[in-house]
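Notebook open, structure loaded. I'm jotting down what I looked up, one spot at a time.

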Amino acid sequence: MVLMHTLALACLRGVPPEVETIAREEDLAPHAAARAVARGRIVIPANPTRPHRLCAIGEGCRVRVNVNIGTSGTRCDEDLEVEKAKAALREGADALMDLSTGGDLVRIRRRILELDAPVGTVPVYEAVRRAGSAADVDTDLLFKVIREHCRQGVDFLTLHCGVNNQALASLKADPRTMGVVSRGGAFHVAMMAATGEENPLYAEYDYLLEILSEHDVVVSLGDGMRPGALVDAGRLAKTTEYLTLGHLAKRALAAGVQRMIEGPGHIPADQVGYNVRMIKELTDGAPLYLLGPLVTDVAPGYDHVVGAIGGAIACMNGADFLCMVSPSEHLALPDVRDIVEGTRVAKIAAHVGSLSRAAAHTKNREIRMAEARRALDWEKQFEAALAPGEARRIHERDGEIETCSMCGDLCAVKMVRDILPVPEERMEP
């Protein structure tokens, strides 16, 4: 394999400008940040083709939030998807994924790539659309689409390299109620079943790494065998894929390709920490990207809350990157309101996770809120809030008063703030 000039390899020789930037944002020492990128503990999705705001994901960084948008065959409105993407960024999303499967996929992706954020895609979706069915996708088409996404400026690609014959055999040996719920994973299962051959992303993994290295694109090793129901959480296929992703993560790092890992799906709350720690151990601390995890299956309409609960637990155990779950998960394609609500809730989960990492800027925000509440300074409270507009809207609906309308003149803070001394709180450096 020919090793290209990639950000990970550049970090072996010094501190590239991209790393200087994220080190300032994350309060990290630049050389320490560069070592973390070189070791695969931090990824910075930044395709050199397209300048945009940088985002660091991984060890020592704040927990980041991705938001999925994209058309479907049932609802295909390009303008709506762009509006949803912009709404997500306004609400604080750090990255976007275009999962479009309907309409002019190249044009839709081009419009999303015009936004100031890292963007990811799942190339197999477009390959299936071009071929007509998953069974008709061949190796040449799949790799052609991957190259096109890289050339167009996509920063990270979800690629289901771990959905191989061994994982499929595990799925058959230990059947699950929900089978395969990952759309990309299902496509690869259908391809393997139709041809009797190995998943090309696994069989030709070195070639895949050459493409990614050439364009300095991050591979997000997809969790195609993630359980889709709590009843399936302990089945064999998931763990088989974990082991494969561990090997693939090491090979990517050796090739100078930045990588992160996806997982683990629907699992009970008491198993979240164990699964996160296992993935981290198997992948030598690679950044972990999660949808959820969803810790109950019986809350449709509120799966954004379910995902936030699982996400907060996961981040306290080492997860790094949360994918927004919308209220319409399992029910419908999300609308703008779903995107806004889902992003806000995911940002809360990410903030809780960041607190567990002792990030100074995250803790300082908590201190600012406490001080503002003691002073009954509503403007400073709104400034410290994760969703300032919503906080302001709720407070002001009863008119302008010094306290909130729940306690009024019986406000506990107001009664005792002049009696009790104020501790000498210090903002962390």
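This is a predicted model: local features need pLDDT of at least 70, side-chain atom pairs count only at pLDDT 80 or more; totals for chains, interfaces and linings use all residues.

I started at Val-352, which has 35% relative accessibility and therefore counts as partly exposed (buried is under 20% relative accessible area, exposed over 50%, partly exposed in between, with a 1.4 Å probe and protein chains only). Val-352 sits in helix α15, residues 336-355; helices (H or I, at least four residues) and strands (E, at least two) are DSSP runs numbered from the N terminus. Residues are numbered from 1 along each chain as its sequence is written, and side-chain values use heavy atoms, with hydrogens and water left out.

Next, salt bridges (a side-chain nitrogen of Lys or Arg within 4 Å of a carboxyl oxygen of Asp or Glu). My search of the whole structure gave 28 of them. One of these pairs Arg-64 with Glu-26, with the closest N and O atoms 2.4 Å apart. Arg-64 is in strand β3 (residues 64-69) and Glu-26 in helix α2, so I was looking at a link between distant parts of the chain, 38 residues apart. Both Arg-64 and Glu-26 are buried. I then followed the network of salt bridges that links Glu-26, Arg-62, Arg-64, Asp-94 and Lys-347.

I also checked Lys-280 with Asp-320: a salt bridge, 2.6 Å between the closest N and O atoms.

Still in α13, I stopped at Val-272. Buried or exposed? Val-272 is buried, with a relative accessible area of 0%. Beyond its neighbours within four places in sequence, Val-272 contacts Ile-267, Pro-293, Val-295, Gly-310, Ile-313 and Ala-314 (contact means heavy atoms within 4.5 Å).

Pro-293 then sent me to the backbone: the bond joining Gly-292 and Pro-293 is a cis peptide, omega about 0°. Pro-293 is in the loop between β9 (288-291) and α14. I logged another cis peptide bond from Gly-263 to Pro-264, with omega near -10°, and Pro-264 lies in the loop between β8 (259-262) and α13.

Two phi entries to finish. Asp-216 is not a glycine, yet its phi is positive, about 50°; I placed Asp-216 in the loop between α11 (205-215) and β7 (218-221), buried at 12% relative accessible area. His-330, also not a glycine, has a positive phi of about 70°. His-330 is in the loop between β10 and α15, and counts as exposed at 52% relative accessibility.
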